[in-house]
Amino acid sequence: MRISFQSVYTAFNALRRNLMRTFLTMLGIVIGIAAVITMMEIGNGAAKQIAEKISNMGSNILMVFPYAIEKAGVSTGAGTGVTLTSEDCEAIIRECPSVRSATPVVRGTDIQIVYGNKNWSPQRVESGSEMYFDVNEWTVSDGEPFSARDVAVSACVCVIGKTVADELFGDESPVGSQVRLNNVIFTVCGVLSPKGANLMGMDQNDNIVIPWTTMRNRLSRSGGTASTSSVSTEYSRGDVYSLSEVELYPARDASQTENYLMPIRFNNINAISASAVSADAIESATSEIAELLRLRHRIKSGAEDDFEIRDMSELLSTLTSTTELMTGLLLVVALISLVVGGVGIMNIMLVSVTERTREIGLRMAVGARSSDILVQFLVESLILCLLGGIFGILCGRAASEIISSVNGWPVSPSFFAVVLSALVSASIGIVFGFYPAWRASRLNPIDALHYE
Amino acid sequence: MNVIELKNITKTYHLGGGEEVPVLRGVTCSVERGKVVALMGASGSGKSTLMNILGFLDDPSGGEYFLDGQDVTHLTSSERADIRGSRIGFVFQNFNLLPRTSALHNVMMPLEYRRSACDRKAAKLYACELLERLGLGDRMNHHPSQLSGGQQQRVAIARALVNRPSILFADEPTGNLDSVTTVEILEMFRRLNREDGITIVLVTHDEEVCGYADRTIHIRDGLVMDGGFSESKGVQ
Ligand SMILES: Nc1ncnc2c1ncn2[C@@H]1O[C@H](COP(=O)(O)OP(=O)(O)OP(=O)(O)O)[C@@H](O)[C@H]1O
Ligand SMILES: [Mg+2]
């Protein structure tokens, strides 16, 4: 078989002669391809975005919590115990080879940050040592992170997120400015480099980071369970220390605040945040930390841990499998639309079989060989599939662009979708465009002419 | 010199269930070059069957077929297609034009399958010329649905002639036409025969049509009647 200019010309004429059939067949192909491409691009986009957020989240971070205290069988939540100390954290850094860095974490209260006549309540108030930035793989874009010395002296310095900086300072550089956090004067020493929204869609840049010692000694509304007591308390912190909400003395001025130190009885902290040297090292880091802490806390073998180590691998695998499920689901929907499109193509091509069989008989009667007929119909189907395929790809791309701009969904072009849909609809188009031709070309011209 | 020679041609249709329908039971006849030959017989006598075999649209079950002295009984389907395309033309009772296609394009359709190198422009000119000759000069861009029956048949005749065949087969070409148009078409055949020397074989029911033929072959029950050919010209 040889595809000549003549057969292309003949095929084009035949397609032009029955515009409606051509249009309907092509519509089937276009819809099939466009649907697959749009679905898969949306699925891919979502998967990609989740993967990005996961890596953004710092997937090799481990959190060590004191074991949750159970009161009458009701867990009060991780971190309510008081068994972790900053020495534990230092030991982890020193003795666990799979841990790259670690920082103590002390829980903060809601705070309001005031600069000049503007104020702002950041979503998250975080604390840590100078290693906070390494653990969370977060850099400071403007100014400096706080130092080990700042941590040692509970210095009133803070690093603020981009959103906070924008809200309070606008175009000014915040570095070196004085702000008040719940009436304590802090110096802004740096601004965190911006990060995208996290998985829950929360703005990660709306935060403020201060040394954990400062958090415990100067800011924590109550001083926290961590700083003042090693005995588990029956009461929630707010109940016991609600006195601090009542101002008994005139507000302290800046220098008083600077000089005032809460007595440190225990170096208890709420949690330790550690990062493994790599995502693969999470497991070994977990066992190293567990071993070390059991030793330090003198837990007899067989007894339960008084701490709990959590990592994100479970969350990650849940997220990944959810995304995979969603992509798979979209793919199934896309394949169904491809099948529907394919059935459309098949129907329209088979329905025209009678007319086409007579036409084939006629063409053979005036001198067409079987091979001429086959080539002509093959070319016809190819043209249909090619044009339909191109339109389908364009429509699919356009549709996913529109969806992404209207809904704000991320889409990501998928080469696989293009290949898959083009292959499937092209083979359907060719098989069913070719089938009547193949059948008719084996008949005697007269039988094809008399076909009913 | 006989262009066509048939020896003992038989045709049996095999129906489902092993039933056999013998339609031609041994047709022996010949057609001389440059003649107009009419094929007559009762309905169901096998005229169309014979024409289809003559026109390479169908295979005989047995017998021998010589075209221009060449044995063409056993040819491959491609060789038969080439003969259909280059040496013979066929006109059908029901025209068989491509719908939604202009008269000119219908006439040019067989050119798409021409094996020999073909100058499209010259071929198009020839197709126009044929349509002019058949009186359709002003209908070239009309679709079949916009033409009368007679006009459609003339388009079909032009299509059969566009590859300059030496033989034209026509199976009841005027069967669907009224008597005035029938006369027009028959005159056309005579003129083509006279001017271009084309051999014409046509099937008819109409005694009048025989008047235009040089010779009439009578068929009855799948056999050529005794004294198969009568020189109709003289007889009339
Ligand atoms: N495909 C077929 N299968 C079985 N029998 C057939 C087939 N085609 C024709 N016949 C039979 O062959 C016989 C001759 O048919 P044919 O069409 O040649 O007749 P005809 O002489 O052309 O008649 P008419 O003048 O009515 O056109 C008929 O009896 C018909 O039933
Ligand atoms: Mg007949």
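Two residues are taken to be in contact if their C-beta atoms, placed from the backbone, lie within 7 Å, and helices (H or I, at least four residues) and strands (E, at least two) are DSSP runs numbered from the N terminus. The model is a predicted one, in which local features need pLDDT of at least 70 and side-chain atom pairs count only at pLDDT 80 or more, whereas totals for chains, interfaces and linings use all residues. Residues are numbered from 1 along each chain as its sequence is written, while chains are lettered from A and ligands numbered from 1 in the order in which they are written.

In chain B, helix H5 (residues 149–161) and helix H6 (residues 179–196) have axes that come within 10 Å and cross at roughly 15 degrees, where axes are lines fitted to C-alpha atoms, for helices over the stretch in contact, and angles run from 0 to 180 degrees between N-to-C directions. H5(B) and H6(B) are therefore roughly parallel to each other; angles under 35 degrees count as roughly parallel, over 145 as roughly antiparallel, 65 to 115 as roughly perpendicular and the rest as oblique. The crossing of H5(B) and H6(B) is right-handed, a crossing being left-handed if the near helix is turned anticlockwise from the far one by less than a right angle, and right-handed if clockwise. On the side of H5(B), Gly149(B), Gly150(B), Gln153(B) and Ile157(B) meet Thr181(B), Glu184(B), Ile185(B) and Met188(B) of H6(B). Sorted by class, the contact of H5(B) with H6(B) has 3 nonpolar, 4 polar and 1 charged residues, with Ala, Val, Leu, Ile, Met, Phe, Trp, Tyr, Cys and Pro counted as nonpolar, Asp, Glu, Lys and Arg as charged, and the others, Gly among them, as polar.

Two further helix pairs are found in chain A. The axes of helix H12 (residues 313–351) and helix H15 (residues 415–441) of chain A come within 9 Å and cross at roughly 20 degrees, which makes H12(A) roughly parallel to H15(A), and H12(A) passes H15(A) in a right-handed crossing. Residues of H12(A) including Leu338(A), Gly341(A) and Ile345(A) meet residues of H15(A) including Val424(A), Ile428(A) and Phe432(A); by class, the contact of H12(A) with H15(A) has 9 nonpolar, 6 polar and no charged residues. For helix H3 (residues 86–95) and helix H11 (residues 282–296) of chain A, the axes come within 10 Å and cross at roughly 130 degrees, which makes H3(A) oblique to H11(A). H3(A) passes H11(A) in a right-handed crossing, and the contact is made by Asp88(A), Ala91(A), Ile92(A) and Glu95(A) of H3(A) together with Ile289(A), Leu292(A), Leu293(A) and Arg296(A) of H11(A). The contact of H3(A) with H11(A) has 5 nonpolar, no polar and 3 charged residues.

Strand pairing (at least two DSSP bridges between two strands) gives an open sheet of 4 strands in chain A, with the order S4-S13-S1-S14 and antiparallel pairing. Strand S4 (99–105) and strand S14 (307–311) of chain A stand at the edges, each with a single partner strand, so one side of each is left without a neighbour in the sheet. Neighbouring strands of this sheet are turned by 20 degrees against each other on average, direction ignored. Strand S1 (residues 61–66) of chain A pairs with S14(A) in the antiparallel sense over 5 bridges, and with strand S13 (residues 271–276) of chain A, also in the antiparallel sense, over 4 bridges. Met63(A) has Arg310(A) as its bridge partner in S14(A) and Ser273(A) as its bridge partner in S13(A), while Pro66(A) is bridged to Phe307(A) in S14(A).

Chain B likewise holds an open sheet of 4 strands, in the order S2-S1-S4-S5 and with antiparallel pairing. Within chain B, strand S1 (residues 2–14) and strand S4 (residues 62–67) pair in the antiparallel sense over 5 bridges, and Leu6(B) stands opposite Tyr65(B) in S4(B).

The shell around ligand 1 includes Tyr13(B), Val21(B), Gly46(B), Lys47(B) and Thr49(B), a residue being near a molecule if its C-beta atom, placed from the backbone, lies within 6 Å of it. H1(B) gives the most to this shell, with 3 residues, and by class the shell has 4 nonpolar, 7 polar and 1 charged residues.
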